[in-house]
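Colleague: Mind walking me through how to read this one? I'd like the general idea each time, then the case at hand.

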Amino acid sequence: MSGAETVRKYDPEFTKKVYQMDNGKWVKMCMQCGICPTTCTLRGIMDHSPRQIIQLIRAGDKEQVLQSNTIWMCTSCYTCSCRCPRGVPMMDIMHDLRHLAEEEGYITNQSHMAQVYYNDVAKRGRIWEGGLTLKYSLKLGVGNALKLAREMQDVGMEMFKHKRLPIFPPKGVKNPAKLRAVLQKAAALAKEEG
Ligand code: SF4
Ligand code: SF4
């Protein structure tokens with residue numbers, strides 16, 4: 001083996017753990033037909049296709065699964081599930097994997113974004129794109145934030161021109177108490193199911 005090659009670790013306990021999660025039984029049902037990657041509109045920016053994620057879980061490749069951006073990129077659009085011959089609810093598997101990634105301390109740029117996004121919605125019920133971008137950048141650290149700003153400057157300018165990157169936060173929802181009640185209820189349910 002050349003020095004540049006990395007040794008991949010396989011962890012059968014990880015496979016067992018995923019099988020025991022809420023949607024773990026569906027991981028066993030996949031027949032690797034390959035329809036989901038051809039259906040998923042986000043496939044082009046995912047580290048691994050949904051089909052590959054299933055295969056990596058079965059192989060016990062914990063690092064590849066929990067570090068991958070795939071589990072955070074899935075938008076829960078349900079398209080692949082509608083077309084899956086086995087009815088595998090891919091978005092629910094992805095949700096389980098996100099929880100597991102957080103539990104096991106796998107912090108990635110995408111998990112940072114999910115956290116910042118949630119905090120923003122929880123605060124006023126509406127997204128403030130300007131503040132969200134800033135908070136996300138700060139989480140990445142100064143060096144990475146500057147790199148991201150350079151990469152995304154054209155997109156940022158276009159958003160600004162089209163009033164999609166406001167400097168000031170938008171008004172919150174009319175009834176923030178109701179929003180908080182919904183979020184608290186969801187958190188309590190998640191804890192119960194925990
Ligand atoms: S479409 Fe369904 S059965 Fe086919 S690879 Fe995807 S999850 Fe597996
Ligand atoms: S549910 Fe997720 S994995 Fe399936 S098609 Fe939609 S974005 Fe892709």
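Colleague: Which residues are buried in helix 4?

Modeller: Ground rules come before that. This is a predicted model, where local features need pLDDT of at least 70, side-chain atom pairs count only at pLDDT 80 or more, and totals for chains, interfaces and linings use all residues. Residues are numbered from 1 along each chain as its sequence is written, while chains are lettered from A and ligands numbered from 1 in the order in which they are written.

Modeller: Helices are DSSP runs of H or I with at least four residues, numbered from the N terminus. A residue is buried if 20 or more other C-beta atoms (placed from the backbone) lie within 10 Å of its own, exposed if 12 or fewer, and partly exposed in between. In helix 4 the buried ones are P50, R51, Q52, I53, I54, L56 and I57. That's 7 of the 10 residues in 50-59, so helix 4 is largely enclosed by the rest of the structure. Just after helix 4, G60 has a positive phi of about 80 degrees.

Colleague: Why does R126 count as partly exposed?

Modeller: Because R126 has 13 C-beta neighbours inside 10 Å. R126 sits in the loop between helix 9 (109-124) and helix 10 (129-140).

Colleague: And which residues is R126 in contact with, leaving aside neighbours within four places in sequence?

Modeller: Contact asks for C-beta atoms, placed from the backbone, within 7 Å. For R126 that gives P170, G172 and V173.

How values were computed: Helices (H or I, at least four residues) and strands (E, at least two) are DSSP runs, numbered from the N terminus. Two residues are in contact if their C-beta atoms, placed from the backbone, lie within 7 Å.
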